[in-house]
Amino acid sequence: MGAAATTSTRSKVIQLITGFTLSLVLFSAVGRYVLEPRDRTRCHGMLNDGWWLEPNYTKWQPSGCMSHNYAPQQISNCLNHSRVLYIGDSIMREQFYSMTKFVQGIDTKGSLHVDRKYHSKELDMEYEFWWDPYINSTRTWELLNATDPTNRPSLLVIGSGVWYMRHLKEHYFDEWRKVADRVMNAVEQSDRVADAVMLSPVEIPQFDLLNDVRRATMTMDKITTMNNYLKAKEPTLKPKTPFVIPFAWNSIAASTVGITEDGLHYLPGVTAVQASLALNYRCNDLLSKHFPIENTCCTHYPTPAWYQNTILLFFLFWVPIGFYVLSSGSHLKFMRRFYPSETPVLASLFVFGLGVVYMYFCDRTHLFGKALKSFNAEHFTWLMIATLVGGLVSLRSKKEGDQGFLNRAQTDEWKGWMQIIILVYHFLGASQTAGIYNAMRVLVAAYLFQTGYGHFFFFYKKGDFGIVRVLNVMVRLNLLTFVLMYVMNTDYLSYYFTPLVTFWFGVIWVTMYIGHGANKIVWFVLIKMAIMAVLTGLFIHVPGVLEGTFDILEFLFNIHWDAAEWRFRLALDAWIVYGGMLFALATIKFTEHKMHEHRLWPILKIVLFIISALALVWYFHFELSQPNKKAYTAYHPYISWIPILAFVALRNATVRLRNTTSRFYEFIGKCSLETFIGQFHMWLAADTKGLLIVLTDPSWAQGFGWWFNLVVSSCLFLFVCYYVNRTTGDITKWICTTSKNDNNASAAPVRLPQQPQPNDEQDVPLLPTSSSNQDDGKPEQTSLIGHHDDNDEEAWGTSPPKQSRWRRWIGRICGDLRLKTIVFLAFMGLINHFC
């Protein structure tokens, strides 16, 4: 009793601290957004700060956002088949070369202090460089004065400073300031200078590599004086022509080692990144803003569509109003028909909605920063060690009896540690590492193995194929995904795990439902499984079948799914579900025939464990020996069952092992569905393409700050997932509960069942289970908040009023789950044609 109280207290303290942290993070994020208006599109951060993600200088991380690597056609479309013009000295020339090479290969040989011009016939693009190290030629001033609108470039990049320091001695600053002011005055006075103008800061060279003449004239003091002037001047400008000074260019160059030969002119590894930021500034807001939204620098997120606003307003306003409507002193009792009759259900809707709204603000606004992924083997190793330690320190062993083969605690634990590894895999972007990718495929297969095992076990034992059972599973699996695909304006199949397990649940249900009266006959069940395996194999692999199915769905529901991508997903694990079903059947028959009591079983068990250990060793040797992911993928559908069955055998080798589980892994396993779906928008970012930065200043998320951001964002992520899990269960029960009194909701409250209910989810290892501890024999509560006492209810009337024909029809629909489902699907099909 004392231990349980201590655990409960510890849990409440953790929740309180995490809730406070979430409030602090949100408050800080809103404060930054309000107080830094120049960075509301994350453009200021991109242009002023950043860091290298990899030691070989191949990936630059702009501060707080994710940059885009442009293809030639995208550049041409953005710049309107116009021209890019660079004006300045040799530093600008090198960047000009890199910009031009984005589109075509060029010959850079020849005289140095001359103009350059390249034309791409294919893209109808012109790239031009004017040699003007002092920015004082007649044509430069004519361009800045916008005397010839037809000569207006789509992107104008100007840079100078080196020649002023080298040749004008003590007058360098005054003369340089005049031309800098003239450029800035030009963009303030006219909107026809160019589509966008960038004035380069004075470059910081690698001083130790400069020759004696340059080292004597180009000093850090001079460079700092000029750049400080630009930093002070830029915020005061009110340009009519879009204008920026990208100080991040100096960060890109100065933070490298060995990327310049003479200390002044950097190699393409640096200048290409600088040129890429110029394109991101000029073009990002013109890119398509359709899912996945993975370019978050210098861009506005799309304005929410009407259906997105409707859902957000429903959760933020309509649901909270319901608390007043359902209160005893409410003057809006006539509105009670539009709300759940149970306040705890309404509370669950509210908490669930807060979770969804949090995800929206994380991934569809600039409230939080985003970062690029970068695989780091050392980080991956440390996170795996942390995962192992977290599991070991939270081990618990139940002394009483044998908890059973693949018991609930064990399957929750199994889901938990697999989910953590998958999360780390996604967070670090490890998919390009074949050895890790191959292992991840087995973890996904293990989830589907549990799907086949759990649902077969349930249908075989209980024979419940009713609509209530089916809807409970379908709604529980799909509720969060369904809401998110509308709120985030994404695609259902993009949350591939949900549609994957939904598809296979349907296959299992059909398999077990047909001729279910004979399900106890082994050969009959095996024949059904074989036939269904052939049918699903044809559905997946035969060209045209999946495409035709998607064409029908497109006609009915206006959905546009990628058949090729979905075929790939299904084919990867086309047979493992049947492996889970066969294993469940074998387990049932093993128990029924009491084979564990056979005198040879102890010997066979030892042999089985040895074979299992050898099978695991063989599997890892095999997958690591494959040359690439594609080579392994060809084998995966046929061998994934080997490590899975080997693990199951070893994990259940003894009673002690079966009775010992990790509470940490169990906790994650109970909300594994929510963590898998929620990671898309509130742990990862940009629809899984990047990482979420919850720190107020995104520049903190480098070095040790990367780990700190990981810890904070992970705590908030699990906190939200925990409550979304709890409330999803409550909402599912409410949706799938029918009552003959639904049409009389205004007259009397409809009570959700408070008596102990059979917990079907416990028989389905794949489904998320309640986070509450039900091993104590207490009935599971139906809501997150609690439940009402019937004595506290106000009597709203002694007899129901006579109902109109419309109300009777509504009551009939709400009281029949089959009819309700049909109406819902028809309604969504209609809505989708307006989305």
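Cys 736 is buried, at 7% relative accessible area (buried means under 20%, exposed over 50%, partly exposed in between, with a 1.4 Å probe and protein chains only). Cys 715 is partly exposed, at 40% relative accessibility.

## Basis

This is a predicted model: local features need pLDDT of at least 70, side-chain atom pairs count only at pLDDT 80 or more, and totals for chains, interfaces and linings use all residues. Residues are numbered from 1 along each chain as its sequence is written, and side-chain values use heavy atoms, without hydrogens and water.

## Disulfide pattern

The count is 3 disulfides (a disulfide is a pair of cysteine sulfur atoms within 2.5 Å). Numbered in sequence order, the bonded cysteines of the protein chain pair 1-6, 2-5, 3-4.

## Cys 43 and Cys 298

The sulfur atoms of Cys 43 and Cys 298 sit 1.9 Å apart. The link is right-handed, with 80° about the S-S bond. Cys 43 lies in helix H2 (residues 43–48) and Cys 298 in the loop between helices H11 (268–283) and H12 (306–325), so the bond ties together parts 255 residues apart in sequence. Helices (H or I, at least four residues) and strands (E, at least two) are DSSP runs, numbered from the N terminus. Cys 43 is buried at 12%; Cys 298 is buried at 6%.

## Cys 65 and Cys 297

A disulfide joins Cys 65 to Cys 297, with sulfur atoms 1.9 Å apart. Its S-S torsion is about 90°, so the link is right-handed. Cys 65 is in the loop between strand S2 (60–62) and helix H3 (72–78); Cys 297 is in the H11–H12 loop, 232 residues away. Both cysteines, Cys 65 and Cys 297, are buried.

## Cys 78 and Cys 283

Cys 78 bonds to Cys 283, S to S 1.8 Å. This link is left-handed, at -90°. It connects helix H3 with helix H11, across 205 residues. Cys 78 and Cys 283 are both buried.
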